[in-house]
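Take a moment with the model below before reading on. The text then walks through it part by part.

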Amino acid sequence: MMKEIDWSKLGFHYTEPDYIVRAGYHNGQWEEPYATKDKFLHLHVSATCLQYGQEAFEGLKAFRGVDGKIRIFRWRENAKRMQRSAEGLYIEPVPTELFGKAIRLALEKNMDFLPPYGTGATLYFRPLLIGTTPRLGVGPGRDFEFIVIPSPIGPYYPGKFHCTHFIVNRHVDRAAPFGTGQFKVGGNYASSFRATEAAHAMGYDCLFLDSKYHRYIDECSAANFIGIKGNEYLTPRSSAILPSITNDSLMTLAKERGMKVTRRHIRLEELADMSEAAACGTACVISPIDQVFDPEKNITYSFGHEPGPVLTELYHTLRDIQFGRAEDRHQWTDVFEI
Ligand code: PLP
Ligand code: COI
């Protein structure tokens with residue numbers, strides 16, 4: 001029986017699914033993933049995830065397509081990124097096959113939570129990997145828990161594709177160069193809350209600059225930055241930002257439409273030469289930016305109040321692939337017929 005969910009009212013918020021999926025790592029071995037209705041963990045108070053932040057997570061989506069088929073977008077890339085995050089925090093990496101099995105099980109067990117085609121909503125999966133060994137001495141644990149938490153989420157733009165504005169931050173660094181910024185670990189998000197909440201209080205999202213010089217664009221809140229300059233797609237090269245799977249896909253699509261794609265240090269002032277700018281990530285795909293305000297210099301960089309033509313086209317091209325409306329030439333989606 002279909003759940004009574006008003007798909008049009010879902011935002012990027014947690015809706016309790018029927019099942020989560022879990023697999024523990026003990027005595028050097030992963031157990032088979034299993035589904036459970038219990039959303040609580042019996043976790044030791046001295047677990048390394050609580051004491052020393054041994055935690056990594058991921059985010060990916062399943063889409064009900066125009067043809068009724070279910071597509072999961074580039075999940076192997078999420079599995080690989082979680083393996084890199086795990087290595088970065090001395091956590092046992094989850095093998096790709098186990099990651100895939102757990103996502104599939106989470107989907108099969110929560111079919112009532114997969115939003116129908118046409119609502120713009122999707123089923124989001126939040127894989128989580130935590131250290132569970134009790135420890136007081138500083139050091140990594142030997143036991144881990146891999147969990148997949150599904151939740152239906154609403155269309156990022158319920159009305160129409162629209163713009164957001166950002167404020168430049170020079171007072172809080174999100175992550176150090178060659179630190180954990182390149183990994184998807186909880187600590188990066190907690191360390192950015194002070195800056196992002198201050199920005200929200202002023203009606204903005206937060207644009208982080210590189211932590212060493214405070215000169216180059218790093219991350220847009222929890223998303224990568226994209227700028228369009230003439231026929232060029234520009235995105236930052238930085239050892240402190242998360243390699244976004246959405247950005248990687250958009251770079252491929254930009255090259256296919258004949259654009260030059262450049263990944264390099266981008267000085268903040270270069271915003272003045274860009275015709276379009278956006279944040280990108282799984283949740284929004286592309287979130288166009290209309291303004292970036294630099295409060296220290298009292299400069300506002302403006303890109304117009306409507307999303308620009310290049311980013312609009314890239315947004316629709318990627319969404320069409322995800323919802324099965326366009327050919328998936330790169331085999332980015334795995335099709336499930338459940
Ligand atoms: N940067 C940060 C800090 C993020 O949390 C995310 C979201 O996952 C991204 C960038 C975008 O990455 P992706 O496109 O793989 O979702
Ligand atoms: C994204 O998925 O685009 C993000 O920004 C990740 C965030 C929700 C943690």
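The model is predicted. Start with its overall division. The domain assignment gives domain 1 (7–153) and domain 2 (164–322). Their C-alpha centres are 26 Å apart. The two domains touch: domain 1 puts 20 residues into the contact, and domain 2 puts in 11 residues. On the side of domain 1, β4 (55–57), β5 (60–64), β6 and α2 each contribute at least two residues. Helix α2 gives the most to that side, with 6 residues.

Next, the interior. In soluble globular proteins, nonpolar side chains tend to be buried together. Here the largest nonpolar core holds 85 residues. Ala102, Ile103, Ala106, Leu129 and Leu207 have the most contacts inside this core. Helix α3 (residues 96–108) gives the most to the core, with 6 residues. Both domains take part: domain 1 (7–153) and domain 2 (164–322) each supply at least three residues.

Leaving aside residues up to four places away in sequence, Leu129 touches Glu55, Ala56, Met82, Ala86, Ile91, Val94, Phe144 and Phe146.

Now turn to β6. This strand is covered on both faces. Ile70 and Ile72 are buried on one side, while Arg71 and Phe73 are buried on the other. Which way does β6 run against β5? The two strands are antiparallel, joined by 3 bridges. Within this pairing, Ala62 has Ile72 as its bridge partner. The hairpin of β5 and β6 has 5 residues between the strands. In that hairpin, Gly68 takes a positive phi near 85°.

Strand β6 has another partner. It pairs with β18 (residues 333–336), again running antiparallel, and 4 bridges join the two. In β18, Val335 stands opposite Arg71. Arg74 has phi near 45°, a positive value in a residue other than glycine. Arg74 is placed in the loop between β6 (70–73) and α2 (75–88). Is Arg74 buried or exposed? Arg74 counts as buried because 21 C-beta neighbours lie inside 10 Å, and 20 or more are needed for that label.

Val285 also has a positive phi in a residue other than glycine, near 65°. Val285 is found in strand β16 (residues 285–294). Val285 is buried, with 23 other C-beta atoms within 10 Å.

Which residues are around ligand 2? They are Gly59, Ala222, Ala223, Gly281, Thr282, Ala283 and Cys284. By class, this shell has 4 nonpolar and 3 polar residues, with no charged ones.

Conventions. Residues are numbered from 1 along each chain as its sequence is written. Chains are lettered from A and ligands numbered from 1 in the order in which they are written. This is a predicted model: local features need pLDDT of at least 70, side-chain atom pairs count only at pLDDT 80 or more; totals for chains, interfaces and linings use all residues. A nonpolar core is a set of buried Ala, Val, Leu, Ile, Met, Phe, Trp, Tyr and Cys residues joined through C-beta atoms within 7 Å. A residue is buried if 20 or more other C-beta atoms lie within 10 Å of its own, exposed if 12 or fewer, and partly exposed in between; C-beta atoms are placed from the backbone. Domain bounds come from an automatic or database domain assignment. Two residues are in contact if their C-beta atoms, placed from the backbone, lie within 7 Å. A residue is near a molecule or strand if its C-beta atom, placed from the backbone, lies within 6 Å of it. Ala, Val, Leu, Ile, Met, Phe, Trp, Tyr, Cys and Pro count as nonpolar, Asp, Glu, Lys and Arg as charged, and the others, Gly among them, as polar. Two strands pair if DSSP finds at least two bridges between them.
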